Amino acid sequence: MSDMAGGEEAAADGSAARWGRRAWELLERVRARAPLVQCITNFVSMDLMANALLAAGASPAMVHSLCEIDDFTPRADALCVNLGTLSDGWLPSMRAAVAAAARSSRPWILDPVAVSASEFRMEACLGLVALWPTVIRGNPSEIIALSSACRVRDSKGVDSFHESPDAVESAKSLAQSSGAIVAVSGATDFITDGQIVVAAQNGVAMMQKITATGCAVTALIAAFVAVEPSNPLEATSCALSIFGLAGELGMEMANGPASLRVHMIDSLHGLHEHTVASRVKISLVS
Ligand SMILES: Nc1ncnc2c1ncn2[C@@H]1O[C@H](COP(=O)(O)OP(=O)(O)OP(=O)(O)O)[C@@H](O)[C@H]1O
Ligand SMILES: Cc1ncsc1CCO
Ligand SMILES: [Mg+2]
């Protein structure tokens, strides 16, 4: 079956089994091709993000110096830009890397961490959104704030104060205005191109108690989009589901957030076809 045929099959027939096969197909492709994912990310997330990418079979590179962008970014298969510990010194690197990725027709993914924390962050984020990200992935509060492009008084930190269904309309509107696929994480992850909405229902609540799981899944989305650039909606849905499944399997061995972090990475590394095919829970919402 061709890559495109697999994509059309999953979109046309939303059955869990077909999505399970699609998720396995894309995970296998990540393992076979080991896409190089350049991450300009926050200090908190660097370790978990790099290890999650490695466990999935991708190749991480935390390269953020402006002096290296022109040489390095064209060689990366995808770029992940994360605003978590944004500083004025890093913003030019982010913009330059996005421009270099665009010149090389590489996908780039934006994680608008705590976008409403400050006017500086919101302005920086809106400037990046205008540069045509392939995918934007955030928690519900971030997507709601970014979509309305104004500061939300009761949510200024990195954690979400909303549930993911609250953010679906904001995600659709942000997808329409930005041209990006928009993903909202939560108990159910929602993924939309502004018209179609897909739900991915894998994961465990304890994942929220490990800092940077959201950042890590954004980088995993970059790896999946790198191997399926023609269908970022499906690649994003599969990456979210696979990461959630690793969390479910990890939770079977964990005693709390610290051991879940370890077992989740082990589970991501050890995923088998049967487990993915039978446990991935993706469906078409509308
Ligand atoms: N209640 C939940 N049940 C199951 N899975 C969840 C739940 N909440 C979040 N997740 C999963 O946890 C991961 C992180 O999502 P979350 O919404 O916490 O991101 P985030 O707030 O951006 O995290 P961070 O900023 O710490 O990186 C995602 O894979 C998501 O699917
Ligand atoms: C805790 C924290 N602060 C800035 S980035 C980050 C990681 C989760 O997004
Ligand atoms: Mg986040």
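By class, the lining of the largest pocket has 15 nonpolar, 17 polar and seven charged residues, where Ala, Val, Leu, Ile, Met, Phe, Trp, Tyr, Cys and Pro count as nonpolar, Asp, Glu, Lys and Arg as charged, and the others, Gly among them, as polar. What we are looking at is a predicted model, in which local features need pLDDT of at least 70 and side-chain atom pairs count only at pLDDT 80 or more, while totals for chains, interfaces and linings use all residues. Residues are numbered from 1 along each chain as its sequence is written, ligands are numbered from 1 in the order in which they are written, and side-chain values use heavy atoms, with hydrogens and water left out.

A pocket here is an open set of points on a 1 Å grid over the protein atoms alone, where a 1.4 Å probe fits and protein lies on both sides within 12 Å along at least five of seven lines, and its lining residues have an atom within 4 Å of a point. The largest pocket holds about 940 Å³ of space, a volume being the space filled by probe spheres set on the grid points, which are joined across faces, edges and corners. It is lined by 39 residues, and Ser 185, Met 207, Gln 208, Thr 213 and Gly 214 are the closest to its centre. Among the elements, which are DSSP runs of at least four residues for helices (H or I) and at least two for strands (E), numbered from the N terminus, α9 gives the most to this lining, with four residues.

Ligand 1 takes the space of the largest pocket, in the sense that more than half of its atoms lie within 2 Å of the grid points. Around ligand 1 there are 18 residues, the closest being Asn 139, Ser 185, Asp 189, Gly 214 and Cys 215, where near means a heavy atom within 4 Å. As for polar contacts, pairs of N or O atoms within 3.5 Å, an oxygen atom of ligand 1 lies 2.7 Å from an N or O atom in the side chain of Ser 185, and an oxygen atom of the ligand lies 2.9 Å from a polar backbone atom of Gly 214. Taken alone, ligand 1 exposes 630 Å², of which the protein buries 92%, with areas from the Shrake-Rupley method and a 1.4 Å probe.

Ligand 2 also takes the space of the largest pocket, and the residues around it include Asn 42, Gly 84 and Cys 215.

Conventions: Polar contact = N/O pair within 3.5 Å; in protein donor to acceptor, adjacent residues only side chain to side chain.
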